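Let's take a friendly walk through this protein chain. Have the structure open beside you and follow along as the report moves from one part to the next.

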Amino acid sequence: MLKNAARIETSDTSAPGTTRLRLGCFTDLAPFLLAPALQLLRDRFTDINLTYVAGSFEGLLNGLMDGQIDIAITYDLTMDAGFARTKLFDSRPKALMPPDHPLATTTEVTLAALEGYPLILSSEGLSAQHILGLFRQNGLRPTVAHRAASLEIQRSLAAHGEGIGISYASPPSSFSYDNKHLVSVPIANPDTAESVVLARHGTGPSDTVIEKAERVLVAGLTGV
């Protein structure tokens, strides 16, 4: 019985004449962009068999290369010339801290000003490497106090004064899940801006459905 259930679960349920599209979204972007992207695609393709995965940078890139993901919403990091990508918008990082932190009353902060404080970064390897690379490019050597497994763990640690969190994803709420007040200060360095892109593997013409889906997502998500 269990074997039969497994076969049903993993079988392709696409009905004849329907279209299959597999969307990927970077984990930290998913709470902001995944549901709107799915709605845009469902509104445009009434007969689509749409699936999605929210994953890490490496997981999405491997999925694109292996053909398990058709298109992905992610940051423009670590992708070589073998990937086609279209910019949706630019994102700038924020420094997360409690309201009584010395930097909390500033309108923006520089990487140099953050160097002297312990940092809370993501445990996602490429994300942390990117942040640390920005410091190194500016001749700075920060101290990492925590590597958080999720954005909300990072926000909670920052709200409790465990260090300054640095994140490109910034929920509008000024409170962490455990109801601690949190201040989000933009980081001013121009070289910290990073593009959110729609990416696929291969630079030549793609499947017609994928091309239409790309146009729908670019039109609907650009500048959000």
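In which strand does Phe89 lie? Phe89 belongs to strand β4, which covers residues 83-91. Please keep in mind that this is a predicted model.

**Around Phe89**

Phe89 has a relative accessible area of 16%. Because buried means under 20%, Phe89 counts as buried. Apart from neighbours within four places in sequence, Phe89 is in contact with Leu33, with the trio Glu194, Ser195 and Val196, and with Leu221, Gly223 and Val224. As for Lys212, 123 residues separate it from Phe89 in sequence, and the two C-alpha atoms are 19 Å apart in space.

**The chain as a whole**

Stepping back, the protein chain has seven helices and ten strands. Its C-alpha atoms fill a box of roughly 60 × 45 × 30 Å along the principal axes. The chain counts 224 residues, and 46% of them are buried. Take the contacts between residues at least 6 apart in sequence: 75% of these join residues at least 24 apart. The chain exposes about 11,600 Å², with carbon and sulfur atoms supplying 53% of that area. There are 18 positive and 23 negative side chains, and the centres of the two sets lie 3 Å apart.

**Strand β6 and its partners**

Now turn to strand β6, residues 118-122, where four of the five residues are buried. Strand β6 pairs with β7 (residues 143-148) and also with β8 (residues 164-167), in the parallel sense in both cases. Ile120 has a bridge partner in each: His146 in β7 and Gly165 in β8. Between β6 and β7 comes helix α5, residues 125-137, and together the three make a right-handed β-α-β unit.

Strand β8 also pairs with β5, this time antiparallel, and Lys94 finds its bridge partner there in Ser167. Strand β5 runs antiparallel to β9 as well, with Met97 bridged to Val183 of β9.

| Strand pair | Direction | Bridges |
|---|---|---|
| β6 (residues 118-122) and β7 (residues 143-148) | parallel | five bridges |
| β6 and β8 (residues 164-167) | parallel | two bridges |
| β5 (residues 94-97) and β8 | antiparallel | three bridges |
| β5 and β9 (residues 183-186) | antiparallel | four bridges |

Is His130 buried or exposed? His130, which is found in helix α5, counts as buried because its relative accessibility is 16%. Not counting residues up to four places away in sequence, His130 touches Leu77, Tyr168 and Glu194. At 38% relative accessibility, Glu162 is partly exposed. Beyond its neighbours within four places in sequence, Glu162 is in contact with Pro118, Ile120, Ala145, His146 and Leu157. Glu162 and His146 are 16 residues apart along the chain, and their C-alpha atoms are separated by 8.1 Å.

Terms used: Residues are numbered from 1 along each chain as its sequence is written. This is a predicted model: local features need pLDDT of at least 70, side-chain atom pairs count only at pLDDT 80 or more; totals for chains, interfaces and linings use all residues. Side-chain values use heavy atoms; hydrogens and water are left out. Buried means under 20% relative accessible area, exposed over 50%, partly exposed in between (1.4 Å probe, protein chains only). Contact means heavy atoms within 4.5 Å. Accessible areas come from the Shrake-Rupley method with a 1.4 Å probe; for residues, only the protein chains shown count as cover. Lys and Arg count as positive and Asp and Glu as negative; His and the chain ends are not counted. The place of a charge is taken as NZ of Lys, CZ of Arg, CG of Asp or CD of Glu. Two strands pair if DSSP finds at least two bridges between them. A crossover is right-handed if, with the strands pointing away from the viewer, the path from the first strand over the helix to the second runs clockwise.
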